[in-house]
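Please examine the sequence and the structure shown below. The paragraphs that follow treat helix packing and then the nonpolar cores.

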Amino acid sequence: MQTQVLGYPRIGSQRELKKANELYWAGKIKKEELELVAETIRYQNWQIQNNEGISLIPSNDFSFYDQVLDWSLTLGAIPKRYQSLQTNEGLSLLDLYFAMARGYQKDGYDITAMEMTKWFDTNYHYIVPEFYKGQTFELTSLKVVEEYKEAKKLGIKTKPVILGLVSYLLLGKVKEDSFNVLSLVDNLLPIYIEVIKQLTSEGAEYIQIDEPFLVLDLTVEQKQTIEFFYKHIQSLFPNLKIILATYFGELGDNTSLAVSLPIEVLHIDLVRGENALGKILDEAPSYLKLSLGIVDGRNIWKNDYQKSLALIDQAIAKRGKEKIWISTSCSLLHSPFDLDGETKLSDEIKQWLAFAKQKINEVSELAKLSVNVDREKTVSYQANIKAHNNKRVSKLIHNEAVKQRVNKITEADANRLAPFSVRQPLQHAALELPLFPTTTIGSFPQTTEVRQWRAKFKKGELTAQEYEDLLKEETARAIKWQEEIGLDVLVHGEFERNDMVEYFGEQLEGFTFTQNGWVQSYGSRCVKPPVIYGDVYRSQPLTVFWSSYAQSLTDKQVKGMLTGPVTILQWSFVRNDIPRSETCTQIALAIRDEVLDLEKENIQVIQIDEPAIREGLPLRKVEWDSYLDWAVRAFRISASGVKNETQIHTHMCYSEFNDIIEHIAAMDADVITIECSRSQMELLDAFAEFKYPNEIGPGVYDIHSPRVPTEEEMLHLIKKAEYYIPTKQLWINPDCGLKTRHWEETEKALIAMVNVAKELRKESLIEVV
């Protein structure tokens, strides 16, 4: 039985790529040194899969920054603002690539980065392609061909992975007067043909084409274009074996289209769509092979062999074992690298887990077990059953008091004492803020020194008191500096926090943590998601000490900074034995307890960040209402216990939430701050028709790029925002937290931001006069 993996983690087992990228950007290593690190990671990944006996190993699943950006470079979809860098400055393709991802501000150039947004409903961010009417394309990068050849030289024959034409176009954004992006198909198709021609000439037998949009709602024209593309490719390359990969959901009403395409193998995600297997088995033609994505590529729980083998048996009974492949549900990009390196997890919890390396073993084991008539007698099968039985009855998981508290929640618990129209004047009187109040989103740069203190504290090289004293000094410096530049609502800087979710999970019951469970969020940014294994509750205050300390240093308001329940849920590896909504409600109650304790300490502005609320939206619209009902309710439960005078903020970033703006309003936060600068305030289009009732801070500069925006640039953006939002409702702030930035650029940008606010206040006074 054939086995395959759709993609493998590319950051390296110890985040080698992240470290090498950042050294290269800082000018501390040469391009050749960076490329050697990348080559080593690719070789190790291929070898791991080869050793496990995987039949079809992917190539071109590696990326220095983002796979969609890779494909944009391959196709020559390079925005015009970057093209002079190559023609005039002679930038290498790699440096041009990084400029597109991060912006470019040197040598007299000041070029903004391309927009970034979430990859479907994951916490991975991709670089959004930019499209123009009549745009032409050319084969600019041969990365996909070169990596196939690289693997072949090592004796490993891979299946190159490319992004499907329609999915690529639908992932992008039209950057001028609206036009149908599918009008670019004829211009783009020759480049796809040339890529495939070069791959087949090098001996590629299989090519994996990813079409994740097949699990979304598609128009008739989009479906027809998909059909045209695959028929055209088949007519030109009749011997090519195409593996059409879909993932993150069921094919649904796209099933008949997918099974009718001239392809060799159809991959389906049975983790997200196990109920659809019967329909696909019934509709698929007899010649079509099915790849069953049965090992979860997005979570860390051990595969349930009994459940998986029941599905495999169902498929084999209908089609025969020669037509059935075993695979991961999606790319393992979303999984940590290797569980073997986790030496501090409890043995009880560790037996329930599987990371990328272990998932490859599961794919291999399931393939063997599926054709073994004595499978129930095998050691691997019995060990798997034992682990799952232990998990079902474990006392670590269940807490009756938490379950009872969830059951006792009332509607009053999810509603503020008064509507916003009543709260707003009370808050204005209590806070005494100026027009266009300025603030930041929460975190300040975590310098090398701050990270070293944390590392030394964890190693026992600093005592708890020594560590606390250092953090107090850093916090005091941040408060004083904010006062000096004239920010209106301050933050304490979050120097004590490692990550906006991990920090909370470390202090909540029901969570555990890995040492090396890193996954890529974007570019060189890696996160180590907490593992939610049991019922969640707060046994002690989480943030009160540092918020109270910071507030004691100033007469200005200091925001209490919390992460919201939906984001903690989305950015964790979540237990899979109860509904996600139930876990989210448990977290909401824990955050509610913290909010009330902050209020008791006279913290009058409290921010509950929910950047992931749009990310969690189901891919099919028919499922939206159910999710939004419990997600919005969870936020309201966390925020609604406070007095009318207490101002609740929330923050959202890098999400297209225009289509759920009414639900965002239903969260009833007093102030919402959102990402807007990379999209040039495009996200505010929603406010043209929907009159957002509360206050809003559209981000005026992009913190995910190292470039420092000018005052004119920020002023221009806020003027655009004024077109949609009444002046009295506007705040001025960055797009996101500043943790990943350096102090030099942060200081310049925030001083400019405050100057913009002052200029706007002057203009408002003149207009009044």
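At what angle do helix H16 and helix H23 pack? In this predicted model, H16 (residues 400-407) and H23 (residues 580-600) meet at about 85 degrees, and their axes lie 10 Å apart. Because angles of 65 to 115 degrees count as roughly perpendicular, H16 is roughly perpendicular to H23. On the side of H16, the contact is formed by Val402, Arg405 and Val406, while H23 contributes Thr585, Gln586, Leu589 and Asp593. Sorted by class, this contact of H16 with H23 comprises three nonpolar, two polar and two charged residues.

A second pair of helices is found in H1 (residues 16-25) and H2 (residues 31-51), which pack at an angle of about 170 degrees with their axes 10 Å apart. Since an angle over 145 degrees counts as roughly antiparallel, H1 is roughly antiparallel to H2. Here Glu16, Leu17, Ala20, Asn21 and Tyr24 of H1 meet Lys31, Leu34, Val37 and Ile41 of H2. The contact of H1 with H2 holds six nonpolar, one polar and two charged residues.

In soluble globular proteins, nonpolar side chains tend to be buried together. The largest nonpolar core in this model has 102 residues, and Tyr168 and Leu266 touch the most other members. Helix H8 (residues 185-201) gives the most to this core, namely nine residues.

Terms used
Residues numbered from 1 in each chain as written. Predicted model: local features only at pLDDT ≥ 70, side-chain atom pairs only at ≥ 80, totals over all residues. Heavy atoms only, no water. Axes fitted to C-alpha atoms, helices over the stretch in contact; angles between N-to-C directions. Helix = DSSP H or I, 4+ residues; strand = E, 2+ residues; numbered from the N terminus. Parallel < 35°, antiparallel > 145°, perpendicular 65-115°, else oblique. Contact = heavy atoms within 4.5 Å. Nonpolar A, V, L, I, M, F, W, Y, C, P; charged D, E, K, R; others polar. Core = buried A, V, L, I, M, F, W, Y, C linked by side-chain atoms within 4.5 Å. Buried < 20%, exposed > 50% of the residue type's maximum accessible area, 1.4 Å probe, protein only.
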